Each structure stands twice: as C-alpha cells, then as structure tokens.
Amino acid sequence: MHKVMSVFIVCFLISTSSLAGDPRAHIDEALVEFVAAFNAGDAATVAGFYAEDAAVLPPGGARADGRSAIQQFWQGAIDSGMKIDDLHAVEVDARQDLAGEVGVFTLSVPGEGGATTKVSGKYIVIWKRTGHTWQLYRDIWNTN
C-alpha cells in the first residue's frame, strides 16, 4: 500500500507541475500569439494575455490598470498603424507563481508622408500564474 501511495504522489506531482507548464516555453508561445493578434488588429485578444488586475506602464503615458483599460491602450496603438516586427524574450526567471521576463522589440511606426519608421527598445514584464496559466501582470518598456 505504501508503494502504491508513493507512486500516486509522484504521478500527481509530475502532472501538477506540467499543468502550469514551463514558464519560458509558455512565454515564448504567448509572445508569438501576442504579435499575431496585435498585427491582426485584435486588441481584445491582446488584452486577454493580461491578468484582470494587470497594469501597463507605457513610457510618457498614463498607467493603464485592468484588462479593459489595457485593451483600450493597445487599441489606440493598433489604430495608430503601429505593427510589431519583433518581440522576444532575452531572459526569463521564474519563482513559484511569478516570472520576470526581459526582452527586446522592434516596431514599424507610421511617419510623415506615409513613411514607416523602425523603433526598437527593451522591456520588462512580470508574469503571474493564475490557475494553470501564466498571464501578464506588469508591463513596462522604453525605446533605445
């Protein structure tokens, strides 16, 4: 009986840890999906990557708290004609239910006379595990 119980506990621990998944793998996958949704003009899907109590802290702009405000923020960026060319994590460090990500981005931003300007920068986000998924919790960035 003791041996059966030990096997059950080990199987439970393995299955529980895999439900939350590897934070780095989840974040890498989420970034691809985030870019696709953003470039498709889908601010609702972009906002869905954020926790209900998340905050976006844009450079030179007001903090956006909560998923609804975050959706409005990203809708404004989408409506401006901005596109994400590259978004990828450079570092991910996870501890229990929080993960920190440091990454880089390149954007195409509409300029004068229809010209496109490339803008690059870096960011830090904090992800938090909600149930069995990782969601963006805090998001801050600046340009190079």
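Is glutamine 96 buried or exposed? At 71% relative accessibility, glutamine 96 counts as exposed, where exposed means over 50% relative accessible area, buried under 20% and partly exposed in between (1.4 Å probe, protein chains only). Before the rest of the tour, please note that this is a predicted model, in which local features need pLDDT of at least 70, side-chain atom pairs count only at pLDDT 80 or more, and totals for chains, interfaces and linings use all residues. Residues are numbered from 1 along each chain as its sequence is written, and side-chain values use heavy atoms, with hydrogens and water left out.

**Confidence**
- The protein averages a pLDDT of 88, and 85% of the residues score at least 70; pLDDT is the predictor's confidence in each residue, from 0 to 100.
- Residues 1–19 have a pLDDT below 50, and beyond near neighbours in sequence this stretch has one contact in the model (heavy atoms within 4.5 Å).
- Where pLDDT is low, the predicted coordinates should not be read in detail.

**Overall layout**
- The protein has four helices and six strands, which follow the order α-α-α-β-β-α-β-β-β-β from the N terminus; helices (H or I, at least four residues) and strands (E, at least two) are DSSP runs, numbered from the N terminus.
- Of the 144 residues in the protein, 31% are buried.
- Among contacts between residues at least 6 apart in sequence, 50% join residues at least 24 apart.

**The sheet**
- Six strands make an open sheet with mixed pairing, in the order β2-β1-β6-β5-β4-β3; two strands pair if DSSP finds at least two bridges between them.
- At the edges sit β2 (64–65) and β3, each pairing on one side only.
- Strand β1 (residues 50–57) runs parallel to β6, with four bridges joining them.
- Antiparallel pairs include β5 with β6, joined by 10 bridges, and β4 with β5, joined by 13 bridges.
- Isoleucine 140 in β6 is the bridge partner of leucine 57 and also of isoleucine 124.
- Isoleucine 124 in β5 in turn stands opposite valine 102.
- Lysine 122 stands opposite asparagine 142 in β6.

**Turns and loops**
- β4 and β5 form a hairpin with five residues between them, and glycine 113 in that turn has a positive phi of about 60°.
- The hairpin of β5 and β6 has two residues between the strands, with glycine 131 in the turn at a positive phi of about 65°.
- Threonine 130 has threonine 133 in β6 as its bridge partner.
- Glutamine 96 lies in the loop between β3 and β4, and has a positive phi of about 55° although it is not a glycine.
- Most residues other than glycine have a negative phi.

**The largest pocket**
- The largest pocket has a volume of about 380 Å³.
- A pocket here is an open set of points on a 1 Å grid over the protein atoms alone, where a 1.4 Å probe fits, with protein on both sides within 12 Å along at least five of seven lines; lining residues have an atom within 4 Å of a point.
- Its lining has 24 residues, and Trp74, Leu87, Phe105, Asp139 and Trp141 lie nearest the centre.
- At least two lining residues come from each of α2 (23–39), α4 (67–79), β3 (83–95), β4 (98–110), β5 (116–130) and β6 (133–143).
- By class, the lining has 21 nonpolar, one polar and two charged residues; Ala, Val, Leu, Ile, Met, Phe, Trp, Tyr, Cys and Pro count as nonpolar, Asp, Glu, Lys and Arg as charged, and the others, Gly among them, as polar.

Definitions and conventions. Grid points are joined across faces, edges and corners, and a volume is the space filled by probe spheres set on the points.
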